[in-house]
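Dear colleague,

I am handing over the structure below, and after it you will find what was found. Please look through it before reading on.

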Amino acid sequence: MKVRVDVMLKTGVLDPQGEAVRRALGNLGFDGVEAVRQGKVIELDLADGTSEDDIKKMCEKLLANTVIENYTINVLSGEVQ
């Protein structure tokens with residue numbers, strides 16, 4: 001089973017990398033960019049039948065800092081138990 005986890009900073013949390021990208025785009029002449037939020041994408045190849053609860057535990061223990069980040073789980077192929 002293939003799973004994608006998208007991790008983004010929560011609304012209101014300062015995103016210095018996103019701000020650096022926004023400024024760099026402006027310096028390159030892309031004046032219409034008002035804000036940028038940068039996150040991360042993690043793809044996992046898991047054994048078929050891995051439970052949704054186990055995937056959430058992976059996210060909360062390692063893949064995302066739930067104090068400042070939100071995450072979403074997307075099953076790309078296979079089935080979650």
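**Asp15 and its surroundings**

Asp15 touches Leu9, Val36, Arg37 and Gln38, leaving aside residues up to four places away in sequence, where contact means heavy atoms within 4.5 Å. This is a predicted model, in which local features need pLDDT of at least 70 and side-chain atom pairs count only at pLDDT 80 or more, while totals for chains, interfaces and linings use all residues. Residues are numbered from 1 along each chain as its sequence is written, and side-chain values use heavy atoms, with hydrogens and water left out.

Asp15 lies in the loop between β1 (2-9) and α1 (16-27); helices (H or I, at least four residues) and strands (E, at least two) are DSSP runs numbered from the N terminus. Asp15 is buried, that is, under 20% relative accessible area with a 1.4 Å probe and protein chains only.

After α1 comes Gly29, whose phi is positive, near 100°.

**The sheet**

Three strands form an open sheet in the order β2-β1-β3, with antiparallel pairing, where two strands pair if DSSP finds at least two bridges between them. The edge strands, each pairing on one side only, are β2 (40-45) and β3 (69-77). β1 and β2 pair in the antiparallel sense over six bridges, and the bridge partner of Lys2 in β2 is Asp45.

With regards

Conventions:
Buried means under 20% relative accessible area, exposed over 50%, partly exposed in between (1.4 Å probe, protein chains only). Lys and Arg count as positive and Asp and Glu as negative; His and the chain ends are not counted. A salt bridge is a side-chain nitrogen of Lys or Arg within 4 Å of a carboxyl oxygen of Asp or Glu.
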